[in-house]
Amino acid sequence: MVITHKKSDMIPFEKLSCGCVFKDEHSNICMKIDYIECNGGFEYNMVYLCDGSLGYIEDEENVEKIRHELVIDSN
């Protein structure tokens with residue numbers, strides 16, 4: 001994935017669509033996913049793109065929406 005970061009676009013997390021890429025408050029690059037609730041009481045609504053781990057962020061928390069482009073290379 002190529003991040004084409006041109007300008008800062010801060011919006012509440014709840015305004016993002018699933019699949020949107022954003023930076024969290026710690027500058028981690030993340031993607032919004034459908035809400036997942038597990039039997040153990042864990043809740044997830046985002047995935048960290050650095051390692052694929054799942055996380056949760058409050059809907060009202062502001063995040064920085066990032067322009068991005070997915071490039072698939074078959075080599």
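The protein chain exposes about 5,300 Å², and carbon and sulfur atoms supply 47% of that area. Accessible areas here come from the Shrake-Rupley method with a 1.4 Å probe, and for residues only the protein chains shown count as cover.

Before I go on, this is a predicted model: local features need pLDDT of at least 70, side-chain atom pairs count only at pLDDT 80 or more, and totals for chains, interfaces and linings use all residues. Residues are numbered from 1 along each chain as its sequence is written, and side-chain values use heavy atoms, with hydrogens and water left out.

Now the fold. The protein chain has zero helices and eight strands; helices are DSSP runs of H or I with at least four residues, strands runs of E with at least two, numbered from the N terminus. Of the 75 residues in the protein chain, 25% are buried, meaning under 20% relative accessible area, with exposed over 50% and partly exposed in between (1.4 Å probe, protein chains only).

On to the rings. There are two aromatic pairs in the structure. In one, the ring centres of F13 and F22 are 5.5 Å apart and the planes stand at 70°, so this pair is edge-to-face. The other, F42 with Y44, is stacked, at 6.4 Å centre to centre and 20° between the planes. Pairing requires Phe, Tyr or Trp (its six-membered ring) centres within 6.5 Å; planes under 30 degrees apart are stacked, over 60 edge-to-face, the rest tilted.

F13 and F22 are both buried. F42 is exposed, at a relative accessible area of 52%, while Y44 is buried at 19%.
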